Amino acid sequence: RRGKLSEEEKEKAVAQQPDDPIFAVYADESGKTQEHLVVGSMWFPYAEELGSLTLAIQALKTRHGFKGELHFKEINASKLPFYNELARLVREMANTFSFKAVSVERRGVGNVDRALRDLYYVLLREGVKHEVESGRAVLPRKLQLLKDAEEPGSDKLLLEDLKDRMFAASANLFDGELKPDVFEVEDSALSEALQVADLFTSSISRRLNAASYRKQPKDELAEYFVEAVNLTSATTKDEVRGDVVYHLTL
């Protein structure tokens, strides 16, 4: 019996090991000039779930003759029925993915970019805990973050900082079983998941930042969307936890 494996045998053994599953997180931000900063996200614990959602949204767009990107800022009265149907589709499929958001008052925040970096970190740290504690996923697992492209320089700094902090969180909180992997920006035009993350994040921001209820299409969609994912109390509690939704107000 040989005591050591050859280099070729080692490489073969590593190649045959199954890859760790992945948390694929699609994130967006809102409220930079408003009363509350919000970072929201969609979490996919299995890649096939992302594919199913993408195909379902593309089919819905085709049925309605909807062209282009899903954008909260472009919602108007004529587009509202389509977006309401999209919210119902998301609700029906929400057992295969989850929504998570973290928000904080902007008052007293001296550096908005720094505050957003902290919100992204809290989102990832608490989001992993929520996935594990709710039984939706188990560790070990890789962590991937894709965020909507905002500002190239600021995005690079944010992602580098986040990845470093999540390596430390893995060692301190998750016994090294969380493995930060790909952290990068993506053009939302190429990703239905980022587009839905925008709708979710913007809906929460609209609810948090509205001084009073306004009967406008964006307000109607915001209310409908958060109710669809069972986040009706998002503006009144410090923390809302459900199987497929999590919102933490700092």
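Accessible areas here come from the Shrake-Rupley method with a 1.4 Å probe. On that basis, the protein chain in this predicted model exposes about 12,600 Å², and carbon and sulfur atoms supply 48% of that area. Of the 250 residues in the chain, 50% are buried. The rest of this briefing goes through the fold, the cores, the helix packing and a few residues worth a look.

**Overall layout**

- The protein chain comes to seven helices and seven strands.
- Read from the N terminus, the elements go α-β-β-α-α-β-α-β-α-β-α-α-β-β.
- Take the contacts between residues at least 6 apart in sequence: 72% of them join residues at least 24 apart.

**Nonpolar cores**

- As background, nonpolar side chains in soluble globular proteins tend to be buried together.
- The largest nonpolar core here has 41 residues. Phe44, Leu70, Tyr83, Leu86, Phe97, Phe99 and Phe225 are the ones with the most contacts inside it.
- Strands S1 (22-30), S2 and S3 (98-105) each give two or more residues to this core, and so do helices H2 (47-64), H3, H6 (192-209) and H7.
- Once neighbours within four places in sequence are set aside, Leu86 is in contact with Ile57, Leu60, Leu70 and Leu199.
- Another core, of 31 residues, lies apart from that one, and Val25, Leu124, Leu162 and Phe174 are among its members.

- H3 (residues 80-93) and H7 (residues 217-228) pack at an angle of about 10 degrees, and their axes are 9 Å apart. Angles under 35 degrees count as roughly parallel, so H3 is roughly parallel to H7.
- On the H3 side, the residues that meet H7 are Leu80, Tyr83, Asn84, Ala87, Arg88, Val90 and Arg91. Their partners in H7 are Pro217, Glu220, Leu221, Tyr224, Phe225 and Ala228.
- Sorted by class, this contact of H3 with H7 has nine nonpolar, one polar and three charged residues.
- H6 and H7 pack at an angle of about 105 degrees, with axes 9 Å apart. The range from 65 to 115 degrees counts as roughly perpendicular, so that is the label for H6 relative to H7.
- H6 brings Val196, Leu199, Phe200, Ser203, Ile204, Arg206 and Arg207 to the contact, while H7 brings Lys218, Asp219, Leu221, Ala222, Glu223, Phe225 and Val226.

**Two buried strand residues**

- Leu145 is in strand S4 (residues 141-148). Buried means under 20% relative accessible area, so Leu145, at 0%, counts as buried.
- Beyond residues up to four places away in sequence, Leu145 touches Val25, Ala27, Leu124, Leu159, Leu162, Val182, Phe183 and Glu184.
- Leu145 and Pro180 are 35 residues apart in sequence, yet 8.7 Å apart in space, C-alpha to C-alpha.
- His36 sits in strand S2 (residues 36-44). With a relative accessible area of 14%, His36 is buried.
- Again leaving out residues up to four places away in sequence, His36 touches Ser30, Gly31, Val104, Glu105, Arg106, Leu208 and Asn209.

**Loops and backbone geometry**

- Most residues other than glycine have a negative phi, and most peptide bonds are trans. The next two items go the other way.
- The peptide bond from Leu139 to Pro140 is cis, with omega near 5 degrees. Pro140 is found in the loop between helix H4 (112-133) and S4.
- Asp175 is not a glycine, but it has a positive phi of about 55 degrees. Asp175 lies in the loop between helix H5 (152-173) and strand S5 (178-186), and it is exposed, with a relative accessible area of 69%.
- Ala210 is in the loop between H6 and H7. Its relative accessible area is 22%, so Ala210 is partly exposed.
- Ala210 and Glu35 are 175 residues apart in sequence, and their C-alpha atoms are 9.0 Å apart in space.

Definitions and conventions
Residues are numbered from 1 along each chain as its sequence is written. This is a predicted model: local features need pLDDT of at least 70, side-chain atom pairs count only at pLDDT 80 or more; totals for chains, interfaces and linings use all residues. Side-chain values use heavy atoms; hydrogens and water are left out. Axes are lines fitted to C-alpha atoms, for helices over the stretch in contact, and angles run from 0 to 180 degrees between N-to-C directions. Helices (H or I, at least four residues) and strands (E, at least two) are DSSP runs, numbered from the N terminus. Angles under 35 degrees count as roughly parallel, over 145 as roughly antiparallel, 65 to 115 as roughly perpendicular and the rest as oblique. Contact means heavy atoms within 4.5 Å. Ala, Val, Leu, Ile, Met, Phe, Trp, Tyr, Cys and Pro count as nonpolar, Asp, Glu, Lys and Arg as charged, and the others, Gly among them, as polar. Buried means under 20% relative accessible area, exposed over 50%, partly exposed in between (1.4 Å probe, protein chains only). A nonpolar core is a set of buried Ala, Val, Leu, Ile, Met, Phe, Trp, Tyr and Cys residues joined through side-chain atoms within 4.5 Å.
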